[in-house]
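Here is a short note to read alongside the model. Please keep the structure open as you go through the points.

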Amino acid sequence: SEHHNRILLPVKAVVSTQSTGKQARQQEMKNNMLSAILDQKARARLNTIAQVKPERAQKVEAMLISMYQRRQIMGQVGEAELIKMLEEISKTEPKGTKVNFDRRRVTLDSDSD
């Protein structure tokens, strides 16, 4: 019984490193495609969005890669085009909690003393 445990542990380790290696390769391929599709400013904006709303960034990435593979994108996508795509996606997403700041009410009134 002890002998079997020694054999199984390395196998599990190999399987997990293979799957993470495959994921890393897929992530690298995706990053390379996105670098080819997006110009620097658009790529930077998408990275910023991924920090705040990873699910929205993933939708945009999938959409961009799909369009690229179907030859619907010619040349690089700029920041303005990326913003339009983000606006289209945000229209289709269900309205969740949205924080609006009413800046007029935030100002301090110095005459109220």
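1. How do the axes of helix 2 and helix 4 cross, and within what distance do they come? They cross at roughly 35° and come within 8 Å. Axes here are lines fitted to C-alpha atoms, for helices over the stretch in contact, with angles running from 0 to 180 degrees between N-to-C directions. Helix 2 contributes Lys41, Ala42, Arg45, Leu46 and Ile49 to the contact, and helix 4 contributes Glu79, Leu82, Ile83 and Leu86. Contact means heavy atoms within 4.5 Å. By class, these residues are 6 nonpolar, no polar and 3 charged.

2. A word on the source. This is a predicted model, in which local features need pLDDT of at least 70 and side-chain atom pairs count only at pLDDT 80 or more, while totals for chains, interfaces and linings use all residues. Residues are numbered from 1 along each chain as its sequence is written, and side-chain values use heavy atoms, leaving out hydrogens and water.

3. The overall layout. The chain has 5 helices and 0 strands. Helices (H or I, at least four residues) and strands (E, at least two) are DSSP runs, numbered from the N terminus. Of contacts between residues at least 6 apart in sequence, 72% join residues at least 24 apart.

4. Helix 2 also meets helix 3. Helix 2 spans residues 40-52 and helix 3 spans residues 54-69. Their axes come within 6 Å and cross at roughly 140°. Helix 2 is therefore oblique to helix 3. Leu46, Ile49, Ala50 and Val52 of helix 2 touch Pro54, Ala57, Val60, Glu61 and Leu64 of helix 3. This set holds 8 nonpolar residues, no polar ones and 1 charged.

5. Now the core. The largest nonpolar core has 16 residues. Such a core is a set of buried Ala, Val, Leu, Ile, Met, Phe, Trp, Tyr and Cys residues joined through side-chain atoms within 4.5 Å. Ile37, Leu38, Leu46, Val60, Leu64, Val77 and Leu82 have the most contacts inside it. Helices 1, 2, 3 and 4 each supply at least two of its residues.

6. Look at Leu38. Beyond its neighbours within four places in sequence, Leu38 contacts Arg43, Leu46, Leu64, Gln76, Val77 and Leu82.

7. Arg71 has a positive phi of about 60° although it is not a glycine. It lies in the loop between helix 3 and helix 4. Its relative accessibility is 62%, so Arg71 counts as exposed. Exposed means over 50% relative accessible area, and buried under 20% (1.4 Å probe, protein chains only).

Methods: Angles under 35 degrees count as roughly parallel, over 145 as roughly antiparallel, 65 to 115 as roughly perpendicular and the rest as oblique. Ala, Val, Leu, Ile, Met, Phe, Trp, Tyr, Cys and Pro count as nonpolar, Asp, Glu, Lys and Arg as charged, and the others, Gly among them, as polar.
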